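This report describes one protein model for a reader who has not seen it before. It starts with a term that the later sections rely on.

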Amino acid sequence: MPDSNFYELMIKYLDVDKIRKIKENGLFVFYGIDLIRKELRATPKAKKELVRDKFLKLRNALLLVYDLLVDKHKYKTDSRISQIAEEYYIAYKVLKGKATKDEIINDFKIVACATFHHIDILVSNDNKTMLSPESKKAYSSVNEIKKLTTPNFIGFEEFKKMLRGVKFD
């Protein structure tokens, strides 16, 4: 399951045709959650990004890549996900985490969704909140009590290494 920041990194790293081939190849199954798509939709419509010598409307490109990769593998933020996220937040605060609830709760919901649905890998470069030491300890402690398995966290650079097995021609 990719975090929100993954989609912009993908746009900058690969063109849409290659992203489509990753999906068609079947080596990876991408999962999404409603709040990530909502975050991507919040990108201003007029915002443009220079990618490979072309200006792209960022919001459209982000939503296109999200919908292409995630397809039908979408989860909704339900009460179980929200409850686990709340427990992560309580543990995070006990561990002296500094982010406010508004700054971090969506990260906790993404991790709770991946955890609850037994998703093996979560791709994120968000070292400030989602992958902070306090957050990771919060996930571990809550998940240990609930007998849940915390997903493995990898950064985008590690994900790019995993793409080496994908045929793009």
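## A term needed first

A residue is called buried when its relative accessible area is under 20%, exposed when that area is over 50%, and partly exposed in between. Lys12 has a relative accessibility of 42%, so it counts as partly exposed.

## Overall form

The structure is a predicted model. Its secondary structure consists of eight helices and six strands. Read from the N terminus, the order of these elements is α-α-β-α-β-β-α-β-α-α-β-α-β-α. The radius of gyration is 16 Å, close to the 15 Å that the globule rule gives for 169 residues, so the protein is as compact as a globular protein of that length.

The C-alpha trace spans about 45 × 35 × 25 Å along the principal axes. Of the 169 residues, 43% are buried.

## Salt bridges

The whole structure contains eight salt bridges. One of them joins Lys12 to Glu49, with 3.4 Å between the closest N and O atoms. This pair links distant parts of the chain, since Lys12 belongs to helix H1 (residues 4-13) and Glu49 to strand E2 (residues 48-51), 37 residues apart. Lys12 and Glu49 also belong to a network of salt bridges that includes Glu8.

A salt bridge also forms between the side chains of Arg37 and Asp67, at 2.8 Å from N to O. Arg37 is in helix H3 (residues 34-41) and Asp67 is in helix H4 (residues 58-70), so this pair ties together parts of the chain that are 30 residues apart in sequence. Arg37 has a relative accessible area of 25% and is therefore partly exposed. Asp67 is partly exposed as well, with a relative accessible area of 29%. In another salt bridge, the side chains of Lys160 and Glu157 meet at 3.1 Å, N to O. Both of these residues lie in helix H8 (residues 156-162), where they are three residues apart, about one turn of the helix.

## A patch of positive charge

Which residues gather in a patch of positive charge on the surface? They are Lys18, Lys21, Arg52 and Lys54. Lys18 is placed in helix H2, which covers residues 16-25. With a relative accessibility of 34%, Lys18 counts as partly exposed.

Arg52, another member of the patch, is found in the loop between E2 and strand E3 (54-57). Its relative accessibility is 40%, so Arg52 counts as partly exposed.

Asp71 is located in the loop between H4 and strand E4 (74-75). The relative accessible area of Asp71 is 35%, so this residue is partly exposed.

## Distances along the chain and in space

Val16 and Leu68 are 52 residues apart in sequence, and their C-alpha atoms are 9.1 Å apart. Val16 lies in helix H2 and is partly exposed, with a relative accessible area of 30%.

Tyr66 and Ala46 are 20 residues apart in sequence, with 19 Å between their C-alpha atoms. Leu148 sits in the loop between helix H7 (133-146) and strand E6 (152-154). With a relative accessible area of 23%, Leu148 is partly exposed.

Note on methods: Residues are numbered from 1 along each chain as its sequence is written. This is a predicted model: local features need pLDDT of at least 70, side-chain atom pairs count only at pLDDT 80 or more; totals for chains, interfaces and linings use all residues. Side-chain values use heavy atoms; hydrogens and water are left out. Patches are made of residues with over 30% relative accessible area and no salt bridge: like charges are joined within 9 Å, nonpolar side chains (Val, Leu, Ile, Met, Phe, Trp, Tyr) within 5 Å. Accessible areas come from the Shrake-Rupley method with a 1.4 Å probe; for residues, only the protein chains shown count as cover. A salt bridge is a side-chain nitrogen of Lys or Arg within 4 Å of a carboxyl oxygen of Asp or Glu. Lys and Arg count as positive and Asp and Glu as negative; His and the chain ends are not counted. The place of a charge is taken as NZ of Lys, CZ of Arg, CG of Asp or CD of Glu. Helices (H or I, at least four residues) and strands (E, at least two) are DSSP runs, numbered from the N terminus. Buried means under 20% relative accessible area, exposed over 50%, partly exposed in between (1.4 Å probe, protein chains only). The radius of gyration is taken over C-alpha atoms; the globule rule is 2.2 Å times the number of residues to the power 0.38.
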